[in-house]
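Here is a short briefing for someone meeting this structure for the first time. Please keep the sequence and the model in view while reading.

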Amino acid sequence: MRNSADAVIVGGGIIGVAVAFYLALQKFGNIVMLEKEPILGTGATSKAAGGIRAQFSSKENIQMSMLSEKLFVSFKEATGAEALFDQVGYMFLLKDDAEVASFTKDVELQRSLGLDVQILKPDEIGQYAPHVSLENVLAATFCKDDGLGDPHEFLSGYDQAARRLGVELAHSTELTGIKMAGNKITNVKTNHGDISTPLVINCAGPQAKLIAAMVGAELKVAPIRRQIVTTGELSFIKPYFPMVVDVRSGLYCHKESKGMLLGWADKAVEESFDISIDPDYTDVILEKALDLMPQLEEAEVANQWAGLYETTPDHRAIIGWEPSVEGMFHVVGFSGHGFMHSPAAGSVTSEIITGKAPSIDISSLSPERFAAGIEAKETNVI
Ligand SMILES: Cc1cc2nc3c(=O)[nH]c(=O)nc-3n(C[C@H](O)[C@H](O)[C@H](O)COP(=O)(O)OP(=O)(O)OC[C@H]3O[C@@H](n4cnc5c(N)ncnc54)[C@H](O)[C@@H]3O)c2cc1C
């Protein structure tokens, strides 16, 4: 491992590798990426449902997604790696007037930013998502350009391309401390020795606040457990089934292999690093899934897992310089949307760090926004 670097990236999940790739593409200099585990992508990235969508309520999230979707489409051209962005679409089912009003307002904002989103009547839903119960459904929003991807295909593509561009990956290497001279970062300490560096890029996902605490900073990123269940093969699922979200129940589902992936966010779960599977959580997912798709009666559970969302108080990422020290940049707090936002996050971070004007104005995602009070909360979170 080098003992000196122009930048040290902490965390080899999808965000760390995307930042490494785009920064190396800008010819930034010597970059070392630290990953405490023996292989990359075993944290939150390995737990993601693979959803990629631009239907958000906040301007920055819509723009981050639209840029990311463009970069997912041109991924092979940029990295040389094969990774499929399967644009099967994303549908939100709306069951009362308040949901319809709120999503109609979001659609207006999304369309004003150039997104092609439809509002479907109940009788138009079946053509995209047959077998979904239409009981109480008043309308749905649908964006055909949204879809699904395998986080590991994209992680591996970014990793290989970043390493070809000279990034050094130090796996099984944990950041254990950060040294400063006054207010300025000078060195990082790891279980394999020190690296002198003026710049630490925090991409530690659910562990992000632990990295910030090493320089005495408080970062508002809470690890919160979420669970997923997958089913065995189902005879009735057609090849192009979109991601479907029942806004009222919070259940989301999409085609996974020859069955379905089912997920739900239990908003009552408290902050912790616990990723054990709670059987009661699984039962609620299955109950909600049966309400949404009665034909799932024939389904068998194939797999289930728990992972951590990295949640901020306003459900928007934190991207920007740590105000309390010189030399720390955060790319964290994606609140369950870090896979879909990874290309934009990597690209915009590389622009800011190399002193260029960012392609998206993300000044409202700065770490200091919370001190001034939360302004724009992202409301379309699952
Ligand atoms: C159940 C579930 C479903 C999800 N579904 C989706 C979805 O459909 N779409 C979507 O976009 N997102 C989804 N997400 C969110 C997405 O998985 C995360 O936002 C994203 O993976 C965050 O990536 P990351 O690289 O920041 O974090 P991680 O993948 O956790 O990577 C951080 C890395 O930092 C390493 N690290 C931590 N501390 C240190 C240290 N001290 N030294 C060295 N290394 C360290 C960790 O080992 C880890 O590998 C989901 C998450 C969960 C849990």
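Predicted model: local features only at pLDDT ≥ 70, side-chain atom pairs only at ≥ 80, totals over all residues.

The protein chain is assigned two domains, domain 1 (7-50 + 152-221 + 314-372) and domain 2 (90-144 + 222-311). The ligand shell takes residues from both domains, so the shell lies between them.

**Domains**

- The centres of domain 1 and domain 2 are 30 Å apart, taken over C-alpha atoms.
- Domain 1 gives 14 residues to the contact, and domain 2 gives eleven residues.
- On the side of domain 1 that touches domain 2, seven residues are nonpolar, six are polar and one is charged.

**Around the ligand**

- There are 39 residues around the ligand.
- Those that come nearest are Gly 11, Gly 13, Gly 43, Gly 205 and Gly 338.
- Two or more shell residues come from each of helix H1 (14-25), strand E14 (222-231), strand E18 (301-311) and helix H9 (338-353).
- E18 supplies the largest share, with four residues.
- By type, the shell has 17 nonpolar, 15 polar and seven charged residues.

**The nonpolar core**

- In soluble globular proteins, nonpolar side chains tend to be buried together.
- Here the largest nonpolar core counts 114 residues.
- Val 8, Ile 9, Ala 20 and Met 91 have the most contacts inside this core.
- H1 gives the largest share of this core, ten residues.
- Ile 9 shows what such contacts look like: beyond its neighbours within four places in sequence, Ile 9 is in contact with Gly 16, Val 19, Ala 20, Ile 31, Met 33, Leu 34, Ile 201 and Cys 203.

- E1 runs parallel to strand E2 (residues 31-34), and four bridges pair them.

- Strand E5 (residues 90-94) runs parallel to E15, joined by four bridges.
- Met 91 has Val 244 as its bridge partner in E15.
- Met 91 is also one of the residues with the most contacts inside the largest nonpolar core.
- E15 also pairs with strand E16 (residues 251-256), this time in the antiparallel sense and over three bridges.
- Asp 246 has Leu 251 as its bridge partner in E16.
- The hairpin of E15 and E16 has four residues between the strands, and Gly 250 takes a positive phi near 85 degrees there.

- Strand E19 (residues 318-321) and strand E20 (residues 328-332) run antiparallel, joined by four bridges.
- Ile 319 stands opposite Val 331 in E20.
- Six residues lie between the two strands of this hairpin, and Gly 327 takes a positive phi near 110 degrees.

- His 131 sits in the loop between helix H5 (122-125) and strand E7 (139-143).
- Phi of His 131 is positive, near 80 degrees, in a residue other than glycine.
- His 131 has 16 C-beta neighbours inside 10 Å, so His 131 counts as partly exposed.
- Asn 136 is found in the loop between H5 and E7 as well.
- Asn 136 is not a glycine either, yet its phi is positive at about 65 degrees.
- Is Asn 136 buried or exposed? Asn 136 counts as exposed, because 12 C-beta neighbours lie inside 10 Å and the cut-off for exposed is 12 or fewer.

**Glu 287**

- Glu 287 has its place in helix H8 (residues 279-292).
- Glu 287 is partly exposed, because 13 other C-beta atoms lie within 10 Å.
- Glu 287 and Ser 249 are 38 residues apart in sequence, and 10 Å apart in space, C-alpha to C-alpha.

Technical notes: Residues numbered from 1 in each chain as written. Near = placed C-beta within 6 Å. Nonpolar A, V, L, I, M, F, W, Y, C, P; charged D, E, K, R; others polar. Domains from an automatic or database assignment. Core = buried A, V, L, I, M, F, W, Y, C linked by C-beta atoms within 7 Å. Buried ≥ 20, exposed ≤ 12 C-beta atoms within 10 Å, placed from the backbone. Contact = placed C-beta atoms within 7 Å. Pairing = 2+ DSSP bridges.
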